[in-house]
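Please keep the structure open while going through them.

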Amino acid sequence: MSIKKILPILDWLPNYQKDWFKSDFGAGLTIGIMLIPQGIAYAMIAGLPPIYGLYTAMIPQVIYALFGTSRQLAVGPVAMDSLIVASGVATLAKIGTEHFIEFAILLAFMMGVLQVLFGVFKLGFLVNFLSRPVISGFTSAASLIIGLNQLKHLLGININRNNKLQGLLLEAFQHLKEIHWVTFLIGVLSILILLFFKRLTKKIPAALVVVVLGILAVKIFHLEQSGVKIVGSIPEGLPIFKMPAFSKQIMIDLFPIALTLSFIAFLEAISVSKAIEAKHSDYKVVPNQELIALGMGNIVGSFFQTYPATGGLSRTAVNNQAGAKTPLAAIISASVIALTLLFLTPVFYYLPKAVLAAIIMVAVFGLLDFSVPKQLLKYSRRDLIILNVTLLITATVGIKEGVLVGVVLSLAMLIYKSTKPHIAILGRVPGTHFYRNIKRFDDIEIDDEILIVRFDAQLHFANTTYFKDKLQEFASEKGKKLKMLIIDGESLNNLDSSAIYTINEVLDYFKNMNVKVVFTGLKGPVRDTINKSGLIHKIGFDQCFMSIQEAVDCFKSTCESESDVKKYQEYLKQSNK
């Protein structure tokens with residue numbers, strides 16, 4: 001493998017152009033400033049002290065810049081993964097304790113190892129098991145849980161952290177009389193300012209604006225003395241090298257969360273990086289290398305006290321809009337975080353938690369997905385059921401359970417569909433050689449002596465019984481007039497051993513009925529299987545045709561002069577292909 005494939009930085013860095021630096025510097029500065037309030041806020045979602053959000057905003061994106069193939073992806077803490085960290089680790093340790101922090105860091109290491117292994121063994125395709133309805137339902141439910149968990153900071157009331165929607169709403173209702181109105185006012189004004197800047201322009205870091213205004217308001221009016229809760233002290237200095245606290249039993253307990261995170265995080269990153277890649281023509285995003293890059297970011301980060309990180313949707317969009325040309329922008333944004341850790345953490349002492357709650361709520365409620373359910377209502381009720389079940393289970397039972405139920409339900413629906421695929425009876429379009437589904441087209445010519453069937457799927461063990469039953473059902477509807485069955489193979493892509501046995505049974509069944517069975521339009525892989533199994537000798541080379549019309553013409557005894565048909569059948573015999 002080329003060293004440039006392992007370290008893509010060796011591809012873009014030697015070719016770096018001087019006029020790119022201005023764009024990269026501007027984008028890096030913007031994302032760095034954006035990451036400061038986000039890192040602190042998302043650490044709060046994860047149940048961790050703010051400093052760990054800043055560590056996670058710095059280390060993983062530097063490592064990603066070395067290994068990643070996207071040139072605009074902004075890696076760091078994200079709301080969704082922070083919630084999964086909180087919900088998973090909270091089952092093993094109390095939020096905010098030393099053990100909780102250790103387990104969150106260990107989780108980043110485990111997640112990174114899994115992502116690297118998936119990338120090395122090219123298992124990125126496994127993420128396809130998370131269908132769009134599952135993702136949409138999970139994202140919407142997680143957004144609701146994240147947002148509502150911030151009510152305690154927005155309202156200034158005591159509500160225990162809860163990852164179940166019904167528990168959150170019930171407890172919030174019980175404490176409504178205890179609202180701290182100054183805190184509530186700060187939170188509401190912050191939300192309004194964020195929404196205003198979101199509509200006005202995306203170039204101004206709105207989150208930083210409300211952070212500065214919030215700090216000034218608390219410091220000038222001494223609001224902390226009247227009950228407004230603030231972030232307080234954030235340790236200064238860069239993260240030091242420290243081994244994660246490895247424990248066999250804890251790793252076993254964390255494995256399901258690590259596995260879920262590795263897929264969810266990769267899906268978030270690859271979705272946004274692919275979307276941005278479409279706007280550029282100078283590079284290609286390689287999914288398996290992206291897994292390795294994200295995994296290495298989390299592995300290395302875990303030795304510098306980071307929790308799970310991935311590519312952020314909003315940050316990447318801003319990075320691209322700001323004109324980032326290469327991952328150098330990520331290194332610059334990491335430098336901004338480093339300078340903040342070294343010199344600016346005391347500035348955030350008076351930052352109101354209500355402002356952070358506002359930043360989180362505006363960010364996550366923007367992830368609520370209403371478009372997909374509306375679309376599914378029009379054309380796929382089954383997928384809409386999967387979406388709603390995933391949403392309800394995630395919101396009311398748990399995150400792991402929601403994702404698992406969604407995946408299992410998707411696979412169950414897929415299996416069910418594969419057992420009963422579409423099958424059509426074809427008729428002739430008047431005056432042409434084209435044959436179409438008789439249920440979809442008007443005035444189709446139907447010959448009582450000929451049954452033409454198209455099976456629109458692979459023929460395998462799960463649907464062979466359905467295939468055989470439908471042929472017999474269609475034949476019985478034709479009655480004793482039926483003389484010929486034409487199986488159109490244009491939609492058949494593959495046959496397994498069960499399919500071979502079933503075709504044998506079909507041939508015997510229709511032979512007893514004195515009905516000739518012929519095949520048309522068989523593809524190469526299907527012909528290969530028929531030849532290797534010896535079934536071709538039972539079917540007969542002279543019963544295989546290029547088109548339905550040629551088969552019909554032969555049945556009507558008009559194909560003797562059609563040299564093309566004879567040539568094709570002779571070719572099949574000689575080449576056995």
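1. Glutamate 505 counts as partly exposed at 38% relative accessibility, where buried means under 20% relative accessible area, exposed over 50% and partly exposed in between, with a 1.4 Å probe and protein chains only. The side chain of glutamate 505 meets that of lysine 468 in a salt bridge of 2.7 Å, N to O, a salt bridge being a side-chain nitrogen of Lys or Arg within 4 Å of a carboxyl oxygen of Asp or Glu. This pair links distant parts of the chain, with glutamate 505 in helix α21 (residues 497–512) and lysine 468 in helix α20, 37 residues apart. Lysine 468 is likewise partly exposed, with a relative accessible area of 22%.

2. On the basis of these values: this is a predicted model, in which local features need pLDDT of at least 70 and side-chain atom pairs count only at pLDDT 80 or more, while totals for chains, interfaces and linings use all residues. Residues are numbered from 1 along each chain as its sequence is written, and side-chain values use heavy atoms, with hydrogens and water left out.

3. The search of the whole structure finds ten salt bridges. Aspartate 448 forms one with lysine 481, the closest N and O atoms being 4.0 Å apart; aspartate 448 sits in the loop between β4 (435–437) and β5 (450–455), and lysine 481 in the loop between α20 (464–478) and β6 (484–488), so placed 33 residues apart. Aspartate 448 is partly exposed at 41% relative accessibility, whereas lysine 481 is exposed at 52%. Arginine 454 and aspartate 456 form another salt bridge, with their closest N and O atoms 2.7 Å apart, and aspartate 456 is partly exposed at 26% relative accessibility.

4. The rings of phenylalanine 118 and phenylalanine 263 are stacked, because their centres are 5.2 Å apart and their planes at 15 degrees. Phenylalanine 118 lies in helix α6 (residues 98–120) and phenylalanine 263 in helix α12 (residues 248–277), so the pair ties together parts that are 145 residues apart in sequence.

5. Phenylalanine 196 and phenylalanine 197 make an edge-to-face pair, with ring centres 5.6 Å apart and planes at 75 degrees, and phenylalanine 197 counts as buried at 14% relative accessibility. One aromatic cluster is formed by Phe109, Phe241, Phe246, Phe303 and Phe304.

6. As to the overall fold, the chain has 25 helices and eight strands, these being DSSP runs (H or I of at least four residues for helices, E of at least two for strands) numbered from the N terminus. In helix α7 (residues 132–149), 15 of the 18 residues are buried, so the helix is largely enclosed by the rest of the structure. Of the 577 residues of the chain, 52% count as buried, and the C-alpha atoms fill a box of roughly 100 × 60 × 50 Å along the principal axes.

7. Phenylalanine 343, found in helix α15 (residues 328–344), is exposed, with a relative accessible area of 58%.

Key:
Rings of Phe, Tyr and Trp (its six-membered ring) pair if their centres lie within 6.5 Å; planes under 30 degrees apart count as stacked, over 60 as edge-to-face and the rest as tilted.
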